[in-house]
There are 2 protein chains.
Amino acid sequence: MTYKPRYADASMESMYRIFTVPEAPGSTLGNIDQKLSQNLAGFLQDHIVAVEKDLRELQKDFSESEIPEKPIFVSDQADFLLDKVVAQSVHTASPSFIGHMTSALPYFMLPLSRIMIALNQNLVKIETSKAFTPMERQVLGMIHRLIYNQNDDFYNQWMHEPGYSLGSFCSGGTIANITALWVARNQRFNKRKGFAGIQREGIYGALKHYGYEGAAILVSERGHYSLGKAADVLGIGRDFLVCIKADNENKIDLVELRKKIKELQKNKIAIIGMVGIAGSSETGSVDPLDQMADIAEEVDCHFHVDAAWGGPTLFSKKYAHILKGVERADSVTIDAHKQMYVPMGAGMVIFRDPNLVSSIEHHAEYIIRKGSKDLGAHTLEGSRPGIAMLLHSGLRIIGRSGYEILIEQGIEKAKDFAVMIENDPHFELITKPELNILTYRYMPDFVREKLATASPREVDQIQDVLNRLTKRIQKAQRAHGKSFVSRTTLTPVEYDRRRTVVFRVVLANPLTSREILQDVLEEQKQLVISQSCHQCMQELYALCNVSPLRVNVG
Amino acid sequence: MTYKPRYADASMESMYRIFTVPEAPGSTLGNIDQKLSQNLAGFLQDHIVAVEKDLRELQKDFSESEIPEKPIFVSDQADFLLDKVVAQSVHTASPSFIGHMTSALPYFMLPLSRIMIALNQNLVKIETSKAFTPMERQVLGMIHRLIYNQNDDFYNQWMHEPGYSLGSFCSGGTIANITALWVARNQRFNKRKGFAGIQREGIYGALKHYGYEGAAILVSERGHYSLGKAADVLGIGRDFLVCIKADNENKIDLVELRKKIKELQKNKIAIIGMVGIAGSSETGSVDPLDQMADIAEEVDCHFHVDAAWGGPTLFSKKYAHILKGVERADSVTIDAHKQMYVPMGAGMVIFRDPNLVSSIEHHAEYIIRKGSKDLGAHTLEGSRPGIAMLLHSGLRIIGRSGYEILIEQGIEKAKDFAVMIENDPHFELITKPELNILTYRYMPDFVREKLATASPREVDQIQDVLNRLTKRIQKAQRAHGKSFVSRTTLTPVEYDRRRTVVFRVVLANPLTSREILQDVLEEQKQLVISQSCHQCMQELYALCNVSPLRVNVG
């Protein structure tokens, strides 16, 4: 019996219907649903159009700004989505899409996601999540154990203890980093006699009370851009995110770090925290975490590790040592939607000490009351979906040993690809892969030879053209739609820190084959001699004093 | 051809398999999938166990802290999820679950969610989202138009213009509120001669430069708890979130507001912003937005409206006037996962002026480069899923007129329920519904009579028992599992602002019938005479000097 107040009419009946009766199995939507269950990858691949459409062209399908007055059929919307959205989306699961951190999903994530979405739990409180709350706490406990490896007693005591937290799920690494630094900031300026704490009095009151002229966070220049955003949001200011030069392996320069710390201390700038990177977004490099932990101990500041990308390396017995020292971090960011192959929206921040979150605890009258088991008391977000369910499933269905295989094959594939690039006379490897990310660029022999003897001014000129050329190749390859690498700008020591545009490759899709990698290089060489790169190539010939007819460019 | 490096072995082959071959249609997972497509509501309802299990009992299934070493079968995990998680989850879609803002989903959201998850786009950048980017911008444009109702020229100019933004999607209302106040804070202390801007120099530098002793945000005491969190995160401090008393209709007291503003100005506290509430979480009340807009204009501060819950009231021609003044707000929070019936994780913040976000703009080398169309340049979050697709679908499949029906029936159902409560001698309506939220409590005649003549001390004593009683009834009803209302604590003017625990009811599920509402009240009356309420009732009899045998309690 549905509700029938006085204003009941036929259109209301139809509104009720959408909440109850599924479309017939033979409907368009039913068919899509069926096909997606049967052969997800194939179905999507068949629909996604490879060749890039101009964005202005795409926008035309999304130009109406009025909300449609009348309902349309579900099947019409499904058709629209297939033609205009799926067709024009990015095939992130393709094994030749190796430019960003979004890779393929294990097929079981799809039906299980459906359970998650259908249940529509809200993890902010137990009353809308029940079993999802202890499940999330368990998953956080497991990841805590992966990082900190405490004993059973520790987890028996803390994993499910309300008022304490081993970490929290959040929408992604950015929110995880902000949460960690929020904790670091609030711990640093905690309440004490004559001061109610920064959470109540704010930064201005905190600095005045503690007697500082500013508060800083230190990180290498390879740090993720979310850290600058965190410094802004948290009221610290971007200028107080102190970026330390990276060495020629893209790791933080410890001498510079110590120097900077002294300088800050001399200028009465409080050091809130230090951030180590475990898998930088651009180069995949890992900071010397153990030595950073030593320095953080000396300085007595919060040590955060941004392992959003590299954290799952800990699954590998062979490569876990690269992250040595992460177990000394006060907090760690790790994304399940990256190398744990969970759909988008599954970030985590893990805290070594389950009491650390006390400085960000908050309550309300209608939920997250004191003493409750509601997870929302310690999270930056409020309402949140039960995506921990999907990591729980990943950890059980793939297992530690399965993740180990995935991690190791990614790292070893990257090493192989680096060798392929180094052996190819038309390319230059810019950053060696420490994990499964590397960067390189097009560099034919004649340019390499010229650079060996060029004056600084000539190097500048050549760099400028190479930068434009790399950009053009990357864009053309993306537009062509067969494969995709991304690009970034680095300042390599071997080029005297000149800005250098490079191709960036992330190798996390287990289906990416050696043949695909070879094809990526071949296609790039073809693009060099295409119209879109013609102008840059002419400039290179001129700068290197060679005749286009006499050189092998691809 | 998959990648076969030297370490290839059988277990790696099995890892590849999980990324490609779906389980057979007859498998457990295939069956679940099939059943969910066919009859989602029925399938889940059959599995969810109604009676509450003790949390300590539940935790036992989630006590292992080690990541399993070996993979298990997908079907085994699916069985585990059904038995231990689905069975012990909360049936948020049930029409008798009327305690929180998580309601039923239209059935079409499920298959369409599958497309979203399978495509796994990342909206932070165009390279991982393509058509999803203009689609998101369109949806934001539509919601902007719903609120601000600008003309076609405006949307043609701004909707797809990179570098500008009509708003952003985020995981929920909390992030939306934080984003809005982040913008307000940064605009207030923007760069000017001799000052690089708060985003670079931080709050301490900003207040020193601008010559203030603090920075405040004003909101009624009914404001959502996320605003306190925002004040903490943004470095303003919770003490500077100035909470203004609400009147007897739970709306901000404008006299108090003006008084407080004067006081702050006198004390050299900058006023960053003012927050109006359009549908408070606890009572559903709406602040006098138009008058608040006047005051914000006078003070020259940012005016934000938290319409996370009440925003969709604008779909109704009949009730949109309740939100009059919202079109004068600088920013508005609105949640699609509440009254727009999209799955969890779809918050939005909308900006009147598309240039407002310039003060929070940020860039990186490998994505969100200057001039790009990447949405990530103006969002608090980084990687984000393409959930705008589901609101796009809701707006088209339900249409404005459909949402209008849903909104109106919710408001009118709440009015009807209020009449039912007022006509029942055992209950007291505490807050009348302005939208579709109301609060009430158990209040038998004999207590009502006693209160009419009781001394302040006696009122205190009775209130104390009633508070405990309301809590006990609410918990017992939840544990019983048939229906669910939530509870909160208010300070009603008619009880001289004494703390008053109340039942809170949110009526957003179109399937909630009059019979269900009647049953909720009947069950509560039954619970009053059950063992769990015995002690409280004895105390009430004693305080009111009545014999339990001579009164009608339920």
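These legends accompany close-up views of a predicted model.

**View 1. The contact between chain B and chain A.** The contact draws 188 residues from chain B and 187 residues from chain A, and the two chains bury about 16,900 Å² between them, with 62% of that area on carbon and sulfur atoms. Across this interface there are 14 salt bridges, and 76 residue pairs are in polar contact. On the side of chain B that touches chain A, the residues divide into 89 nonpolar, 53 polar and 46 charged.

**View 2. Helix 15 of chain B.** Helix 15, made of residues 399-423, gives the most to the side of chain B that touches chain A, with 11 residues. Of the 25 residues in helix 15 of chain B, 21 are buried, and the helix reaches 36 Å from its first C-alpha to its last.

**View 3. A salt bridge between B:Glu213 and A:Lys208.** The closest N and O atoms of B:Glu213 and A:Lys208 are 2.9 Å apart. B:Glu213 lies in the loop between helix 10 and strand 2 of chain B, whereas A:Lys208 lies in helix 10 of chain A, so the pair joins two chains. B:Glu213 is partly exposed, with a relative accessible area of 39%, and A:Lys208 is partly exposed at 45%.

**View 4. A salt bridge within chain A.** The side chains of A:Arg328 and A:Asp290 meet in a salt bridge at 3.0 Å, N to O. Because A:Arg328 lies in the loop between strand 5 and strand 6 and A:Asp290 in helix 13, the pair ties together parts of chain A that are 38 residues apart in sequence.

Conventions:
Residues numbered from 1 in each chain as written. Chains lettered and ligands numbered in written order. Predicted model: local features only at pLDDT ≥ 70, side-chain atom pairs only at ≥ 80, totals over all residues. Heavy atoms only, no water. Contact = heavy atoms within 4.5 Å. Buried area = accessible area lost by both parts, 1.4 Å probe. Salt bridge = Lys/Arg side-chain N within 4 Å of Asp/Glu carboxyl O. Polar contact = N/O pair within 3.5 Å; in protein donor to acceptor, adjacent residues only side chain to side chain. Helix = DSSP H or I, 4+ residues; strand = E, 2+ residues; numbered from the N terminus. Nonpolar A, V, L, I, M, F, W, Y, C, P; charged D, E, K, R; others polar. Expected span 1.5 Å × (residues − 1). Buried < 20%, exposed > 50% of the residue type's maximum accessible area, 1.4 Å probe, protein only.
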